[in-house]
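Please look at the sequence and the structure shown here, and then work through the questions one at a time.

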Amino acid sequence: EKLVVAVVGATGAVGREMLKTLEQRDFPAHEVIALASARSAGMKVPYRGGELTVRELTEDSFAGVDLALFSAGGSTSEKYAPHAAKAGCVVVDNSSAWRMDKRCPLVVPEVNAHDLAWHNGIIANPNCSTIQMVVALKPLHDAARIKRVVVSTYQAVSGTGQKAIEELETQVRQLFNMQQPEPKVYPYQIAFNALPQIDVFMDNGYTKEEMKMVHETVKIMGDPSLKVTATAVRIPVFYGHSESVNIETEKKLTPAEARVVLTQAPGVTVLDNPGEKIYPMALDAAGEDATFVGRIREDETIENGLNMWIVADNIRKGAALNAVQIAETLLERDLLGVKDTTLFQ
Ligand code: A2P
Ligand code: 11C
(Lines give C-alpha, C1' and ligand atoms only; values in the text may rest on other atoms or scores of the structure.)
(Ligands and ions follow the chains in the order given, each with its own letter.)
Protein backbone atom coordinates (compact mmCIF):
# COMPACT_ATOMS: atom_id res chain seq x y z
CA GLU A 1 0.00 0.00 0.00
CA LYS A 2 1.35 3.43 -0.99
CA LEU A 3 1.03 5.84 1.87
CA VAL A 4 0.33 9.49 1.03
CA VAL A 5 1.03 12.02 3.80
CA ALA A 6 0.18 15.73 3.88
CA VAL A 7 1.81 18.33 6.12
CA VAL A 8 -0.52 21.28 6.64
CA GLY A 9 1.39 24.42 7.65
CA ALA A 10 4.56 23.12 5.98
CA THR A 11 6.15 26.58 5.86
CA GLY A 12 5.82 27.17 9.61
CA ALA A 13 8.20 26.48 12.48
CA VAL A 14 6.47 23.21 13.41
CA GLY A 15 5.57 22.18 9.85
CA ARG A 16 9.20 22.34 8.75
CA GLU A 17 10.20 20.28 11.76
CA MET A 18 7.47 17.75 10.88
CA LEU A 19 9.03 17.27 7.44
CA LYS A 20 12.48 16.94 9.01
CA THR A 21 11.18 14.41 11.55
CA LEU A 22 9.43 12.29 8.90
CA GLU A 23 12.72 12.26 7.02
CA GLN A 24 14.95 11.53 10.02
CA ARG A 25 12.76 8.67 11.23
CA ASP A 26 12.41 7.31 7.73
CA PHE A 27 8.62 7.41 7.93
CA PRO A 28 7.35 5.04 5.21
CA ALA A 29 5.57 7.69 3.12
CA HIS A 30 5.36 7.01 -0.59
CA GLU A 31 4.52 10.67 -1.18
CA VAL A 32 4.57 13.78 1.01
CA ILE A 33 2.48 16.81 0.14
CA ALA A 34 3.32 20.25 1.60
CA LEU A 35 0.32 22.51 2.17
CA ALA A 36 0.08 26.09 3.47
CA SER A 37 -1.87 29.27 2.78
CA ALA A 38 -2.26 30.81 -0.67
CA ARG A 39 0.54 33.21 0.31
CA SER A 40 3.06 30.36 0.16
CA ALA A 41 1.81 28.46 -2.89
CA GLY A 42 4.77 27.72 -5.15
CA MET A 43 7.34 28.15 -2.40
CA LYS A 44 9.83 25.31 -1.84
CA VAL A 45 10.47 23.54 1.45
CA PRO A 46 13.32 21.05 1.99
CA TYR A 47 12.57 17.32 2.23
CA ARG A 48 14.86 14.30 1.86
CA GLY A 49 17.67 16.17 0.19
CA GLY A 50 15.28 17.68 -2.34
CA GLU A 51 12.42 20.13 -2.20
CA LEU A 52 8.65 19.98 -2.06
CA THR A 53 6.59 22.65 -3.81
CA VAL A 54 4.06 24.10 -1.40
CA ARG A 55 0.43 23.90 -2.51
CA GLU A 56 -2.47 25.98 -1.28
CA LEU A 57 -4.64 24.26 1.32
CA THR A 58 -8.21 23.86 0.08
CA GLU A 59 -11.22 21.74 1.02
CA ASP A 60 -10.22 19.33 -1.74
CA SER A 61 -6.61 18.88 -0.64
CA PHE A 62 -7.23 15.50 1.01
CA ALA A 63 -8.53 13.28 -1.80
CA GLY A 64 -6.23 10.26 -1.91
CA VAL A 65 -4.33 11.36 1.22
CA ASP A 66 -4.06 8.76 4.02
CA LEU A 67 -2.64 10.88 6.82
CA ALA A 68 -2.40 14.62 7.45
CA LEU A 69 -0.23 16.30 10.07
CA PHE A 70 -1.74 19.72 10.80
CA SER A 71 0.13 22.65 12.33
CA ALA A 72 -1.40 25.77 10.84
CA GLY A 73 -3.23 27.24 13.83
CA GLY A 74 -6.55 26.54 15.49
CA SER A 75 -8.90 28.16 13.01
CA THR A 76 -7.31 26.36 10.04
CA SER A 77 -7.63 23.02 11.84
CA GLU A 78 -11.17 23.72 12.87
CA LYS A 79 -12.14 24.42 9.29
CA TYR A 80 -10.09 21.86 7.35
CA ALA A 81 -9.63 18.81 9.62
CA PRO A 82 -13.31 17.81 9.09
CA HIS A 83 -12.76 17.97 5.31
CA ALA A 84 -9.79 15.63 5.69
CA ALA A 85 -11.72 13.17 7.87
CA LYS A 86 -14.60 13.26 5.40
CA ALA A 87 -12.16 12.26 2.65
CA GLY A 88 -11.03 9.29 4.77
CA CYS A 89 -7.75 10.96 5.73
CA VAL A 90 -6.65 10.58 9.38
CA VAL A 91 -5.63 13.89 10.96
CA VAL A 92 -3.02 14.36 13.65
CA ASP A 93 -3.66 17.94 14.71
CA ASN A 94 -1.13 20.04 16.58
CA SER A 95 -3.49 22.95 17.28
CA SER A 96 -5.73 23.38 20.28
CA ALA A 97 -8.90 23.13 18.15
CA TRP A 98 -9.84 19.50 18.87
CA ARG A 99 -8.00 18.65 22.08
CA MET A 100 -10.92 18.77 24.47
CA ASP A 101 -13.46 17.38 21.97
CA LYS A 102 -14.87 14.10 23.32
CA ARG A 103 -14.67 12.53 19.85
CA CYS A 104 -10.91 13.09 19.68
CA PRO A 105 -8.22 11.27 21.62
CA LEU A 106 -5.44 13.52 22.98
CA VAL A 107 -2.29 11.46 22.81
CA VAL A 108 1.29 11.30 24.02
CA PRO A 109 2.41 7.84 22.88
CA GLU A 110 4.57 7.16 25.96
CA VAL A 111 1.57 7.90 28.18
CA ASN A 112 -1.71 6.91 26.51
CA ALA A 113 -1.08 5.25 23.14
CA HIS A 114 -4.04 2.99 24.02
CA ASP A 115 -6.41 5.94 23.39
CA LEU A 116 -5.54 5.78 19.67
CA ALA A 117 -7.69 2.65 19.41
CA TRP A 118 -10.90 4.72 19.63
CA HIS A 119 -9.94 7.52 17.25
CA ASN A 120 -12.59 8.79 14.84
CA GLY A 121 -10.38 10.41 12.22
CA ILE A 122 -9.08 13.42 14.15
CA ILE A 123 -6.39 12.86 16.80
CA ALA A 124 -5.14 15.80 18.83
CA ASN A 125 -1.51 16.49 19.68
CA PRO A 126 -1.31 18.21 23.08
CA ASN A 127 0.20 21.58 23.91
CA CYS A 128 4.01 21.49 24.09
CA SER A 129 4.16 22.41 27.78
CA THR A 130 1.72 19.63 28.60
CA ILE A 131 3.51 16.95 26.54
CA GLN A 132 6.88 17.19 28.26
CA MET A 133 5.27 17.37 31.69
CA VAL A 134 3.14 14.23 31.26
CA VAL A 135 6.03 12.23 29.77
CA ALA A 136 7.84 12.76 33.07
CA LEU A 137 4.83 12.58 35.40
CA LYS A 138 3.12 9.43 34.08
CA PRO A 139 5.74 6.98 35.43
CA LEU A 140 5.72 8.79 38.79
CA HIS A 141 1.91 8.68 38.83
CA ASP A 142 1.99 4.92 38.17
CA ALA A 143 4.53 4.45 40.96
CA ALA A 144 3.08 6.68 43.67
CA ARG A 145 -0.20 8.27 42.47
CA ILE A 146 0.17 12.01 42.04
CA LYS A 147 -2.54 14.01 43.81
CA ARG A 148 -1.51 17.55 42.94
CA VAL A 149 0.86 19.30 40.52
CA VAL A 150 2.14 22.88 40.79
CA VAL A 151 4.00 23.93 37.65
CA SER A 152 5.71 27.12 36.49
CA THR A 153 6.95 27.23 32.91
CA TYR A 154 9.81 29.07 31.22
CA GLN A 155 8.81 28.91 27.56
CA ALA A 156 10.78 29.57 24.39
CA VAL A 157 9.59 32.00 21.73
CA SER A 158 9.52 29.27 19.05
CA GLY A 159 6.29 28.09 20.73
CA THR A 160 4.62 31.15 19.25
CA GLY A 161 5.92 30.44 15.73
CA GLN A 162 8.33 31.73 13.13
CA LYS A 163 7.39 35.41 13.60
CA ALA A 164 8.25 35.31 17.28
CA ILE A 165 11.66 33.74 16.59
CA GLU A 166 12.34 36.65 14.26
CA GLU A 167 11.03 39.17 16.81
CA LEU A 168 13.49 38.04 19.50
CA GLU A 169 16.39 38.15 17.00
CA THR A 170 15.39 41.60 15.80
CA GLN A 171 14.96 43.02 19.30
CA VAL A 172 18.35 41.77 20.46
CA ARG A 173 19.98 43.32 17.40
CA GLN A 174 18.10 46.61 17.90
CA LEU A 175 19.09 46.84 21.54
CA PHE A 176 22.77 46.35 20.71
CA ASN A 177 22.38 49.23 18.25
CA MET A 178 20.80 51.49 20.89
CA GLN A 179 17.42 51.31 19.17
CA GLN A 180 14.22 50.92 21.13
CA PRO A 181 12.47 47.70 20.01
CA GLU A 182 8.84 47.90 19.01
CA PRO A 183 6.93 44.84 20.19
CA LYS A 184 4.75 43.26 17.51
CA VAL A 185 4.09 39.61 18.31
CA TYR A 186 4.18 39.99 22.11
CA PRO A 187 2.49 42.76 24.09
CA TYR A 188 5.87 43.84 25.54
CA GLN A 189 9.56 43.61 24.69
CA ILE A 190 10.64 39.95 24.94
CA ALA A 191 14.42 40.49 24.67
CA PHE A 192 16.00 40.47 28.17
CA ASN A 193 12.55 40.20 29.73
CA ALA A 194 10.16 37.59 31.19
CA LEU A 195 6.45 37.83 30.37
CA PRO A 196 3.97 36.18 32.76
CA GLN A 197 1.42 35.91 29.97
CA ILE A 198 1.17 33.21 27.31
CA ASP A 199 -1.93 33.44 25.14
CA VAL A 200 -4.97 35.39 26.35
CA PHE A 201 -6.40 35.81 29.84
CA MET A 202 -9.51 33.89 30.87
CA ASP A 203 -12.24 34.97 33.29
CA ASN A 204 -10.58 33.16 36.20
CA GLY A 205 -7.38 35.23 35.88
CA TYR A 206 -5.36 32.39 34.40
CA THR A 207 -4.09 32.44 30.82
CA LYS A 208 -5.34 30.03 28.20
CA GLU A 209 -1.91 28.35 28.13
CA GLU A 210 -2.15 27.72 31.89
CA MET A 211 -5.63 26.24 31.63
CA LYS A 212 -4.53 24.03 28.73
CA MET A 213 -1.97 22.47 31.05
CA VAL A 214 -4.70 21.84 33.64
CA HIS A 215 -7.29 20.28 31.33
CA GLU A 216 -5.03 18.45 28.90
CA THR A 217 -3.02 16.78 31.68
CA VAL A 218 -6.19 15.31 33.18
CA LYS A 219 -7.43 14.03 29.81
CA ILE A 220 -4.10 12.45 28.80
CA MET A 221 -3.45 10.85 32.18
CA GLY A 222 -7.08 9.69 32.30
CA ASP A 223 -7.42 10.68 35.94
CA PRO A 224 -10.08 13.31 36.74
CA SER A 225 -8.93 13.44 40.37
CA LEU A 226 -5.53 14.85 39.38
CA LYS A 227 -5.20 18.49 40.44
CA VAL A 228 -2.99 20.81 38.39
CA THR A 229 -2.24 24.51 38.82
CA ALA A 230 0.06 26.39 36.43
CA THR A 231 1.88 29.65 35.80
CA ALA A 232 3.16 30.04 32.23
CA VAL A 233 5.98 32.48 31.48
CA ARG A 234 7.58 33.44 28.16
CA ILE A 235 11.34 33.94 28.32
CA PRO A 236 13.88 35.08 25.71
CA VAL A 237 15.03 31.59 24.71
CA PHE A 238 14.69 30.36 21.11
CA TYR A 239 14.13 26.62 21.54
CA GLY A 240 13.27 24.48 24.58
CA HIS A 241 10.62 24.89 27.25
CA SER A 242 11.69 24.47 30.89
CA GLU A 243 9.36 23.70 33.77
CA SER A 244 9.66 23.83 37.52
CA VAL A 245 7.31 21.08 38.70
CA ASN A 246 6.18 20.29 42.24
CA ILE A 247 4.17 17.14 42.88
CA GLU A 248 2.38 15.75 45.91
CA THR A 249 1.94 11.99 45.87
CA GLU A 250 -0.22 9.54 47.78
CA LYS A 251 2.64 7.11 48.37
CA LYS A 252 6.06 8.25 49.54
CA LEU A 253 8.63 8.37 46.75
CA THR A 254 12.19 9.38 47.64
CA PRO A 255 14.23 11.36 45.12
CA ALA A 256 16.42 8.27 44.63
CA GLU A 257 13.35 6.13 43.90
CA ALA A 258 11.98 8.77 41.54
CA ARG A 259 15.32 8.81 39.69
CA VAL A 260 15.14 5.03 39.19
CA VAL A 261 11.53 5.21 37.96
CA LEU A 262 12.35 8.04 35.55
CA THR A 263 15.54 6.39 34.28
CA GLN A 264 13.43 3.41 33.17
CA ALA A 265 10.63 5.52 31.68
CA PRO A 266 10.18 5.73 27.90
CA GLY A 267 11.13 9.08 26.38
CA VAL A 268 12.83 10.36 29.55
CA THR A 269 16.51 11.08 30.13
CA VAL A 270 17.53 11.84 33.71
CA LEU A 271 20.26 14.48 34.00
CA ASP A 272 20.63 14.93 37.73
CA ASN A 273 23.98 15.28 39.40
CA PRO A 274 24.14 18.56 41.28
CA GLY A 275 27.69 17.85 42.53
CA GLU A 276 28.88 17.95 38.93
CA LYS A 277 26.50 20.80 37.98
CA ILE A 278 24.53 18.39 35.81
CA TYR A 279 20.93 19.37 35.16
CA PRO A 280 18.77 19.86 32.05
CA MET A 281 19.05 23.13 30.15
CA ALA A 282 17.11 24.50 27.18
CA LEU A 283 20.24 24.94 25.08
CA ASP A 284 21.14 21.27 25.44
CA ALA A 285 17.58 20.02 24.91
CA ALA A 286 17.18 21.93 21.64
CA GLY A 287 17.26 19.51 18.72
CA GLU A 288 16.92 16.46 21.00
CA ASP A 289 14.05 13.97 21.20
CA ALA A 290 14.09 13.19 24.92
CA THR A 291 12.34 14.88 27.79
CA PHE A 292 15.07 15.72 30.30
CA VAL A 293 14.49 15.64 34.05
CA GLY A 294 16.80 16.85 36.80
CA ARG A 295 16.99 18.76 40.08
CA ILE A 296 14.90 15.97 41.63
CA ARG A 297 14.63 16.71 45.32
CA GLU A 298 12.31 16.36 48.26
CA ASP A 299 9.70 19.04 48.97
CA GLU A 300 10.46 19.33 52.65
CA THR A 301 7.27 21.28 53.41
CA ILE A 302 4.92 18.31 52.89
CA GLU A 303 4.85 14.59 53.73
CA ASN A 304 5.08 13.19 50.18
CA GLY A 305 6.38 15.81 47.78
CA LEU A 306 9.01 16.21 45.09
CA ASN A 307 10.39 19.10 43.08
CA MET A 308 11.96 18.69 39.66
CA TRP A 309 13.04 20.55 36.52
CA ILE A 310 11.71 19.25 33.20
CA VAL A 311 13.08 20.42 29.84
CA ALA A 312 12.32 19.43 26.24
CA ASP A 313 12.51 20.83 22.74
CA ASN A 314 9.05 22.34 22.35
CA ILE A 315 9.13 22.08 18.56
CA ARG A 316 10.27 18.43 18.55
CA LYS A 317 8.78 16.43 21.45
CA GLY A 318 6.42 19.33 22.13
CA ALA A 319 5.00 19.24 18.61
CA ALA A 320 6.49 17.65 15.48
CA LEU A 321 8.05 14.54 17.01
CA ASN A 322 5.00 13.73 19.13
CA ALA A 323 2.79 14.03 16.04
CA VAL A 324 5.06 11.72 14.02
CA GLN A 325 5.20 9.24 16.92
CA ILE A 326 1.39 9.19 16.90
CA ALA A 327 1.49 8.49 13.16
CA GLU A 328 4.03 5.69 13.67
CA THR A 329 1.88 4.12 16.37
CA LEU A 330 -1.18 4.27 14.09
CA LEU A 331 0.76 2.34 11.46
CA GLU A 332 2.17 -0.20 13.93
CA ARG A 333 -1.30 -0.89 15.31
CA ASP A 334 -3.01 -0.88 11.95
CA LEU A 335 -5.24 2.06 12.99
CA LEU A 336 -4.99 4.20 9.86
CA GLY A 337 -8.37 4.83 8.24
CA VAL A 338 -11.59 6.62 9.16
CA LYS A 339 -14.53 4.42 10.19
CA ASP A 340 -17.27 7.04 10.06
CA THR A 341 -16.52 9.83 7.58
CA THR A 342 -19.67 11.76 8.56
CA LEU A 343 -18.88 12.26 12.26
CA PHE A 344 -17.33 15.74 11.99
CA GLN A 345 -19.70 17.12 9.33
P1 A2P B 1 1.86 30.49 5.46
O2 A2P B 1 3.36 30.46 5.61
O3 A2P B 1 1.43 30.33 4.05
O4 A2P B 1 1.21 31.63 6.16
P5 A2P B 1 4.00 29.45 12.29
O6 A2P B 1 3.34 28.79 13.45
O7 A2P B 1 5.47 29.24 12.24
O8 A2P B 1 3.63 30.89 12.19
O9 A2P B 1 3.41 28.75 10.96
C10 A2P B 1 2.04 28.70 10.69
C11 A2P B 1 1.80 27.80 9.49
O12 A2P B 1 0.40 27.73 9.25
C13 A2P B 1 2.42 28.31 8.20
O14 A2P B 1 2.83 27.22 7.43
C15 A2P B 1 1.23 29.03 7.55
O16 A2P B 1 1.32 29.13 6.17
C17 A2P B 1 0.12 28.10 7.92
N18 A2P B 1 -1.17 28.77 7.82
C19 A2P B 1 -1.61 29.82 8.50
N20 A2P B 1 -2.85 30.18 8.12
C21 A2P B 1 -3.21 29.30 7.15
C22 A2P B 1 -4.39 29.12 6.34
N23 A2P B 1 -5.46 29.92 6.47
N24 A2P B 1 -4.40 28.11 5.46
C25 A2P B 1 -3.33 27.31 5.32
N26 A2P B 1 -2.19 27.42 6.05
C27 A2P B 1 -2.14 28.41 6.96
C1 11C C 1 3.60 28.33 23.32
N2 11C C 1 2.54 26.30 24.07
O3 11C C 1 4.72 27.94 23.70
C4 11C C 1 2.46 27.43 23.18
C5 11C C 1 2.38 27.08 21.73
O6 11C C 1 -1.84 25.11 22.19
O7 11C C 1 -0.48 24.33 20.72
C8 11C C 1 1.38 26.05 21.38
C9 11C C 1 -0.03 26.44 21.63
C10 11C C 1 -0.84 25.22 21.50
O11 11C C 1 3.37 29.50 23.01
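Predicted model: local features only at pLDDT ≥ 70, side-chain atom pairs only at ≥ 80, totals over all residues.

Q: Which strands are the edge strands of the open sheet of six strands?
A: The strands of this open sheet follow the order E10-E9-E11-E14-E13-E12, and their pairing is mixed. An edge strand here pairs on one side only, and this holds for the strands of residues 227-234 and 268-270. The edge strands are therefore E10 and E12.

Q: Do E12 and E13 run parallel or antiparallel?
A: Strands of a sheet pair through backbone hydrogen bonds, either parallel or antiparallel. Three bridges join E12 to E13, and Val-270 stands opposite Val-293 in E13. The direction of this pair is parallel.

Q: Which residue in E14 is the bridge partner of Val-293?
A: E13 and E14 form a hairpin with six residues between them, and they pair in the antiparallel sense over five bridges. Within E14, the bridge partner of Val-293 is Ile-310.

Q: How many bridges pair strand E11 with strand E14?
A: Strand E11 covers residues 241-249 and strand E14 covers residues 305-312, and the two pair in the antiparallel sense. In this region Val-245 stands opposite Met-308 in E14. The number of bridges between E11 and E14 is eight.

Q: What angle does helix H7 make with E13?
A: Helix H7, made of residues 255-263, lies across E12, E13 and E14. Its angle to E13 is about 165°.

Q: Which helices each supply at least two residues of the shell around ligand 2?
A: The residues that surround ligand 2 include Cys-128, Ser-129, Glu-209 and Lys-212. One of the helices in question spans 128-144 and another spans 208-221. These helices are H4 and H6.

Q: How many residues of the shell around ligand 2 are polar?
A: The shell has among its members Ser-95, Ser-96, Asn-127 and Gln-155. When the shell residues are divided by type, two are nonpolar and two are charged, while the number of polar residues is eight.

How values were computed. Residues numbered from 1 in each chain as written. Chains lettered and ligands numbered in written order. Near = placed C-beta within 6 Å. Helix = DSSP H or I, 4+ residues; strand = E, 2+ residues; numbered from the N terminus. Nonpolar A, V, L, I, M, F, W, Y, C, P; charged D, E, K, R; others polar. Contact = placed C-beta atoms within 7 Å. Axes fitted to C-alpha atoms, helices over the stretch in contact; angles between N-to-C directions.
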